[in-house]
Amino acid sequence: MPNEDQKEYWNDSAGAQWVAEQELMDAMLAKVTASLMSQAAPRPGERVLDIGCGTGETSLIAADAGAHVTGVDISEPMLGLASKRLGGRGDTILADASEYQDETGFDLIMSRFGVMFFDDPNAAFANINSNLNQQGRMCFACWRAPQENDWVLVPMMAVKPFLPETPEQDPHAPGPFALADADRTRGILEGAGFADVSIEPVDIEMVIADKNGVDQALEFVTKIGPAARAMAEVDASGKDKMLSALKEALAPHEDNGRIALKGAIWIVQAKQTG
């Protein structure tokens, strides 16, 4: 079955953490959401598919715009919260977007960080394309390279000395940065049948602490993100060393209790060719 590792991960502690930290995550990603939704621009009466809808923030915005929204996600705990937040104003379906098929089709397919995790992105995006109505459009946000994202780079460089040596990772493997290579992403989309592909860089600010400085930032980076995944692989002694290193790395970025680190995304748009 495709994407089994991702399904296991997002239905375990990761999904539960996103649910627990929903308000913080929505606040941290507010500028991403604003950039995405201004370009996606769902309109009244349109059928909208929200891939990787998570806890429902983008689906809510589409519903507020008068669209008929369907949110799909592989994470049952996150989808449960999305359904609760929507309160019947949209549909939520536990499904893998690489396989999901809709008989009617959609005018807009959108995603905030939900399309970077496919085992086979070529097949996944071909399937996504098949769910668009003629002249339908797609718009999604994905991360640029880790080196451009200090919110990832700063914590990861802090904990790296305490991690075991691992083989060099495939930069295109399923994960947050799988679509960071714009040329590769364009090739995937065009190969899947999309036209008029536009990939625009957007720089954002990722606020990982809004009032309680290093302590608040530590709580975030040790629960969500690549550093949190790395810390889960070490023993208690290793975790203590990582926490000390993280405090030292984050402290220079604090400004009156606030810690904001650079984020870098692509806003990708494309159209159905039919």
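Biologist: How many salt bridges does the model contain?

Modeller: The model is predicted, and side-chain atom pairs count only at pLDDT 80 or more. A pair qualifies when a side-chain nitrogen of Lys or Arg lies within 4 Å of a carboxyl oxygen of Asp or Glu. By this rule, the number of salt bridges is 15.

Biologist: How many residues apart in sequence are the parts that arginine 112 and aspartate 26 tie together?

Modeller: The side chains of arginine 112 and aspartate 26 form a salt bridge, with N and O 3.7 Å apart. Arginine 112 belongs to strand β4 and aspartate 26 to helix α3, so the bridge ties together parts whose separation in sequence is 86 residues.

Biologist: Are arginine 112 and aspartate 26 buried or exposed?

Modeller: A residue counts as buried when its relative accessible area is under 20%. Arginine 112 and aspartate 26 both belong to that class: they are buried.

Biologist: Which residues are linked with Asp26 and Arg112 in a network of salt bridges?

Modeller: Asp26 and Arg112 meet directly in a salt bridge. The network that holds this pair also includes Glu57 and Arg85.

Biologist: Which residues does glutamine 22 touch, not counting residues up to four places away in sequence?

Modeller: Glutamine 22 is part of helix α3, which covers residues 22–28. Its relative accessibility is 15%, so glutamine 22 counts as buried, the limit being under 20%. Beyond its sequence neighbours, glutamine 22 touches Thr55, Leu81 and Arg85.

Biologist: In the salt bridge between arginine 43 and glutamate 46, what is the distance from N to O?

Modeller: Arginine 43 has a relative accessible area of 45% and is therefore partly exposed. Glutamate 46, with a relative accessible area of 9%, is buried. Their side chains meet with an N to O distance of 3.2 Å.

Biologist: How far apart are the closest N and O atoms of arginine 144 and glutamate 148?

Modeller: Arginine 144 counts as buried, at 6% relative accessibility. Glutamate 148 counts as partly exposed, at 28%. These two residues form a salt bridge, and the closest N and O atoms are separated by 2.9 Å.

Biologist: Which residues gather with Asp119 in a patch of negative charge on the surface?

Modeller: Asp119 is found in the loop between β4 (106–112) and α7 (121–130). Its relative accessible area is 47%, which makes aspartate 119 partly exposed. A patch takes residues with over 30% relative accessible area and no salt bridge. Gathered with Asp119 in the negative patch are Asp5, Glu8, Asp12 and Asp120.

Biologist: What distance separates the C-alpha atoms of lysine 7 and isoleucine 74?

Modeller: Lysine 7 lies in helix α1 (residues 4–10). With a relative accessible area of 17%, lysine 7 is buried. In sequence, lysine 7 and isoleucine 74 are 67 residues apart, whereas their C-alpha atoms are separated in space by 5.9 Å.

Biologist: What distance separates the C-alpha atoms of glutamine 101 and lysine 84?

Modeller: Glutamine 101 sits in the loop between β3 (91–94) and β4. Along the chain, glutamine 101 and lysine 84 are 17 residues apart, and their C-alpha atoms are separated by 24 Å.

Biologist: Which residues is glutamine 101 in contact with, leaving aside its neighbours within four places in sequence?

Modeller: Glutamine 101 is partly exposed, its relative accessible area being 47%. Contact requires heavy atoms within 4.5 Å. Leaving those neighbours aside, the residues in contact with glutamine 101 are Asn127, Ser130 and Asn131.

Note on methods
Residues are numbered from 1 along each chain as its sequence is written. This is a predicted model: local features need pLDDT of at least 70, side-chain atom pairs count only at pLDDT 80 or more; totals for chains, interfaces and linings use all residues. Side-chain values use heavy atoms; hydrogens and water are left out. Patches are made of residues with over 30% relative accessible area and no salt bridge: like charges are joined within 9 Å, nonpolar side chains (Val, Leu, Ile, Met, Phe, Trp, Tyr) within 5 Å. Accessible areas come from the Shrake-Rupley method with a 1.4 Å probe; for residues, only the protein chains shown count as cover. Lys and Arg count as positive and Asp and Glu as negative; His and the chain ends are not counted. The place of a charge is taken as NZ of Lys, CZ of Arg, CG of Asp or CD of Glu. Helices (H or I, at least four residues) and strands (E, at least two) are DSSP runs, numbered from the N terminus. Buried means under 20% relative accessible area, exposed over 50%, partly exposed in between (1.4 Å probe, protein chains only).
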